[in-house]
Amino acid sequence: MARYDLALALGGGGVRCMMHVGILDVLSREGIVPDLVVGSSIGSVIGGVYAYRPDTGFLKNFAIRFSNGIVARKIESFLSTNPRSFGSKLRSFVSFSIAFVHSYWDQGMISPDMVKRAYRNVAGRGILESRKFLVEDAEISLGILTTDVISGDAVIITTGDMPDAMYASSAMPGVCKPLKSKGMLLMDGGIISLLPVMAAHILGARRIIALDSEARMRGPVYNNSIEMLDKASEIRGYRWNLVERSLADLVISAKQVKDFEWFQFSKAATCIVAGSKEAEAMLDKIMDLLDRPPDSELMERRAALERFYPHRII
């Protein structure tokens with residue numbers, strides 16, 4: 001297995017992941033280039049574009065175009081309405097009823113082809129004329145975390161079509177259809193790990209800097225049974241997130257983005273700036289980490305947890 005001296009683990013969190021762009025920009029300016037990038041959920045999209053083309057100017061442009069896209073803005077417009085108004089409640093009821101009936105016959109409302117086409121159009125256009133790009137062709141070694149909902153295994157994608165991998169890693173359960181691949185049904189990497197520190201370790205990372213955009217619980221939102229189910233899922237993710245944070249050599253987490261909802265894509269530029277400021281503030285700690293030998297005790301702790309992290313690498 002390959003060994004990587006420095007890995008960046010990019011967590012999920014919707015628009016909050018745009019803080020990764022600001023952090024990567026500061027690291028790049030300081031000449032800090034990771035040997036490995038591992039992404040989960042939308043973190044895989046940011047990480048995938050950066051690893052394939054380590055140009056933070058291009059990455060910023062991608063992030064803004066992605067956030068200003070018609071799909072992102074329609075999602076924000078729909079979900080940002082006053083949840084207590086009668087009109088909003090009625091629209092939510094009708095939408096949920098249609099979605100529920102649809103989901104009874106299918107595994108999700110959004111197809112892989114639609115999302116992958118968007119990734120190719122936004123990212124691929126600036127990378128390859130053919131708009132075809134592969135995970136293994138990335139300039140920086142790349143791992144994209146997904147979940148096989150058949151076996152429950154973490155699946156770390158290191159080869160194959162990049163838009164396929166991005167889609168699988170960010171495919172929200174119940175909203176997006178799973179990606180069928182090699183006898184598996186692949187969905188959101190955040191089901192397994194919103195912060196893919198263990199995935200970076202499994203791929204051979206010795207030092208891991210975690211970029212965490214989902215570090216704490218947000219406000220008590222449970223006005224109905226659907227929100228309560230969502231809250232239960234958030235609590236499970238939060239508790240495992242604490243474990244993976246403790247396994248990283250260093251965690252960078254911009255507090256300014258914590259209260260943003262995942263769908264507030266109009267906040268993308270704010271998140272990028274917040275990431276830049278946090279990385280600037282932590283530069284001394286980052287340099288100190290790179291100047292000292294890898295933490296053997298921390299590496300042993302990560303190794304001890306491998307048996308509790310069933311996985312496969314494809």
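Analyst: Two strands pair if DSSP finds at least two bridges between them. The model discussed here is predicted.

User: S3 and S4 form a hairpin; which residue in the turn has a positive phi?
Analyst: Strand S3 covers residues 141-148 and runs antiparallel to S4, joined by four bridges. Five residues separate the two strands of this hairpin. In that turn, a positive phi of about 85 degrees belongs to Gly 152.

User: What is the bridge partner of Val 155 in S9?
Analyst: S4 also pairs with strand S9, residues 311-313. That pairing is parallel and has three bridges. The partner of Val 155 in S9 is Arg 312.

User: Are the faces of strand S4 covered or open, and which residues are on them?
Analyst: In a regular strand, side chains alternate between the two faces of the sheet. S4 spans residues 154-157, and both of its faces are covered. One side has Ala 154 and Ile 156, the other Val 155 and Ile 157, and all of these are buried.

User: Is Asp 148 buried or exposed?
Analyst: Asp 148 lies in strand S3. The cut-off for buried is under 20% relative accessible area. Asp 148 has 2% relative accessibility, so it counts as buried.

User: Which residues does Asp 148 touch, not counting residues up to four places away in sequence?
Analyst: Asp 148 is part of S3. Its contacts include Asp 153 and Val 155.

User: Why is strand S7 largely enclosed by the rest of the structure?
Analyst: S7 runs over residues 205-211. It is largely enclosed because the number of its seven residues that are buried is six.

User: Which residue in S8 is the bridge partner of Ile 209?
Analyst: Strand S1, residues 4-10, pairs with S7 in the parallel sense over six bridges. There, Leu 8 has Ile 209 as its partner. S7 also pairs in parallel with S8, residues 250-252, over three bridges. In S8, the partner of Ile 209 is Leu 250.

User: How far apart in space are Cys 17 and Asp 212, C-alpha to C-alpha?
Analyst: Cys 17 is in the loop between S1 and helix H1. Its relative accessibility is 0%, so it counts as buried. In sequence, Cys 17 and Asp 212 are 195 residues apart. In space, the C-alpha distance is 8.2 Å.

User: Leaving aside neighbours within four places in sequence, which residues is Cys 17 in contact with?
Analyst: Its contacts include Gly 11 and Gly 12, along with Ser 213.

User: How far are the C-alpha atoms of Ile 46 and Leu 24 separated?
Analyst: Ile 46 is found in helix H2. With 0% relative accessibility, it counts as buried. Ile 46 touches residues including Leu 10, Met 18, His 20, Val 21 and Leu 24. The C-alpha atoms of Ile 46 and Leu 24, 22 residues apart along the chain, are separated by 9.8 Å.

User: By class, how many residues in the contact of H2 with H3 are nonpolar, polar and charged?
Analyst: The axes of H2, residues 42-52, and H3, residues 56-68, come within 9 Å and cross at roughly 145 degrees. The crossing is right-handed. H2 contributes Val 45, Ile 46, Val 49 and Tyr 50, and H3 contributes Thr 56, Phe 58, Leu 59 and Phe 62. By class, that gives seven nonpolar, one polar and no charged residues.

User: At the start of H7, a side-chain oxygen of which residue reaches the backbone nitrogen of Asp 164?
Analyst: H7 covers residues 162-170 and is mostly covered, with eight of its nine residues buried. Among the buried ones are Met 162, Pro 163 and Ala 165. At the start of this helix, the backbone nitrogen of Asp 164 has a side-chain oxygen within 3.1 Å, and that oxygen belongs to Asp 161.

User: What share of contacts between residues at least 6 apart in sequence join residues at least 24 apart?
Analyst: The protein has 12 helices and nine strands. Of its 314 residues, 50% count as buried. Among contacts between residues at least 6 apart, the share joining residues at least 24 apart is 77%.

Technical notes
Residues are numbered from 1 along each chain as its sequence is written. This is a predicted model: local features need pLDDT of at least 70, side-chain atom pairs count only at pLDDT 80 or more; totals for chains, interfaces and linings use all residues. Side-chain values use heavy atoms; hydrogens and water are left out. Buried means under 20% relative accessible area, exposed over 50%, partly exposed in between (1.4 Å probe, protein chains only). Contact means heavy atoms within 4.5 Å. Axes are lines fitted to C-alpha atoms, for helices over the stretch in contact, and angles run from 0 to 180 degrees between N-to-C directions. A crossing is left-handed if the near helix is turned anticlockwise from the far one by less than a right angle, and right-handed if clockwise. Ala, Val, Leu, Ile, Met, Phe, Trp, Tyr, Cys and Pro count as nonpolar, Asp, Glu, Lys and Arg as charged, and the others, Gly among them, as polar. A polar contact is a pair of N or O atoms within 3.5 Å; within protein, one must be able to donate a hydrogen and the other to accept it, and residues adjacent in sequence count only if both atoms are side-chain atoms.
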